[in-house]
Amino acid sequence: MSENISTQLEDGILYVTLNRLDKKNAITNDMYIELINIVAEYESNQQAKVLLLTGSKMCFTAGNDMVSFLEQPPVDDNSESPSFLRAISLAKKPLMAAVNGPVVGIGATMLMHFDLVYAGSSAKFVMPFCNLGICPEGGTTLLLPQMIGHKKACELIMFGEPFDSQTAKECGFINDFFNDDEYLDKIISKAKKLAKQPASSIRLTKAMLKHNHAPAMKETLYHEGVEIRKALKTPESREAMSAFMEKRRPDFSQFN
Ligand code: COA
C-alpha cells in the first residue's frame, strides 16, 4: 500500500487500485516496482484467488510516466517496466482488470496479458507508440496481430488514435463493457464468481491456454525491449515527450 497504489484483500479478491489521479495514473518506475511486488505477493498468498486491477471511474492510466521516460528510461531487460511486463506475462493466477477513461500505452498493452478485462463505456484506448517516436512493447507485436490481423494492428499503432470500448471489444482487448455507473459492480460480481471456482483448475487452464505462446512471448518481450530502449534515445522520441510535457505540438519536420 502506498500513496499511488492501494491494495485490499476481500472475499478472495486482491483489489489493486492505481491512485495517482493528478497525473492521470501515469506509471512511474517506483510504481512498476510496487506492482511487481504486489503480483509476487498475490502469487504466493493462498487466500488471494483473483487480482483485480483498477484505476478510477474517470481514468485507468495515461501509461508510462513521461518524466520517467525522459529522466530514467529503461536501461536493460531488468529495468522496471520490462520487469513488470514479464511479471504479468508469467503470472500463474488469474489477472482481471476494470478500466474506464484513458487507457493509454502500457495501460493498453498490459491488458493483453490479463485474463479477463471489462470496461466502462467511457473508456478510451490509445496505443500512441508511433506518435511518441517509439515502438510497441509488452508483447504487442506478437499478440495484437494474432488478435486482429496485421492491417488492423497497423491502423491502431501507426495512427495512434483513440478507440472506444465497442472497438476494444470487437478487437478482443476487453471481454465486455457496461455503463459507467454500473461497470465496477458488474466486474466485482464476476471477480467474486471466479474466486469461488476451483483455484487449481483455473491455474491449470491458464497455464494450458498460454503454453504454446510462452517461448514466442519471451522472445518478443526481449526483442521489443531492445528496440524500445534504442527508440527512447532518438531525437524524435525526445521531441515528442518534451512537447507533451511543455504542452505543445511535437515538430518532427527536421527528422528523416
Ligand atoms: N506522464 C506524465 N504525466 C502525465 C502523463 C504521462 N503519461 N499523462 C498525463 N500526465 C499529466 C499531465 O502532464 C498533467 O500534469 P500537470 O497538471 O502537472 O500539467 C496531468 O497529468 C493531467 O493531464 P492532462 O493532459 O492535462 O489531462 P487530460 O484529461 O487533458 O488528458 C490524457 C488525459 C491521458 C488523454 C493525456 O494526459 C495524455 O494524452 N497523456 C499522455 C498519454 C501518453 O502518451 N502516454 C504514453 C506514455 S508512453
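This talk covers the cavity, the cysteines and the aromatic contacts of one structure. Keep in mind that the model is predicted.

Cavity first. Searching the whole structure at 30 Å³ or more turns up one cavity. The volume of the largest cavity is about 60 Å³. Its lining consists of Val-16, Leu-35, Val-39, Leu-51, Leu-53, Phe-84, Ile-88 and Phe-114. By class, that is eight nonpolar residues, with no polar and no charged ones. Helix H1 (29-44), strand S3 (50-54) and helix H3 (80-90) each give at least two residues to this lining.

Now the cysteines. How many disulfides are there? The count is zero. Take Cys-171. The closest cysteine sulfur is in Cys-154, 13 Å away, so the two are too far apart for a bond. Cys-171 is buried, at 6% relative accessibility. Cys-59 is buried as well, with a relative accessible area of 3%.

On to the rings. The count is five aromatic pairs. One of them is Tyr-118 with Phe-178, stacked, at 6.2 Å centre to centre and 25° between the planes. This pair links distant parts of the chain, strand S6 (residues 116-120) and strand S9 (residues 176-178), with the two residues 60 apart. Both Tyr-118 and Phe-178 are buried.

Next, Phe-125 and Phe-163. Their ring centres are 5.5 Å apart and their planes are at 20°, so this pair is stacked. Phe-125 is in strand S7 and Phe-163 in strand S8, 38 residues apart. Phe-125 is buried at 0% relative accessibility; Phe-163 is buried at 5%. Together with Phe-173, these two form one aromatic cluster.

Technical notes: Residues are numbered from 1 along each chain as its sequence is written. This is a predicted model: local features need pLDDT of at least 70, side-chain atom pairs count only at pLDDT 80 or more; totals for chains, interfaces and linings use all residues. Side-chain values use heavy atoms; hydrogens and water are left out. On a 1 Å grid over the protein atoms alone, a cavity is a set of points where a 1.4 Å probe fits but cannot get out, and a pocket is an open set with protein on both sides within 12 Å along at least five of seven lines; lining residues have an atom within 4 Å of a point. Grid points are joined across faces, edges and corners, and a volume is the space filled by probe spheres set on the points. Helices (H or I, at least four residues) and strands (E, at least two) are DSSP runs, numbered from the N terminus. Ala, Val, Leu, Ile, Met, Phe, Trp, Tyr, Cys and Pro count as nonpolar, Asp, Glu, Lys and Arg as charged, and the others, Gly among them, as polar. A disulfide is a pair of cysteine sulfur atoms within 2.5 Å. Buried means under 20% relative accessible area, exposed over 50%, partly exposed in between (1.4 Å probe, protein chains only). Rings of Phe, Tyr and Trp (its six-membered ring) pair if their centres lie within 6.5 Å; planes under 30 degrees apart count as stacked, over 60 as edge-to-face and the rest as tilted.
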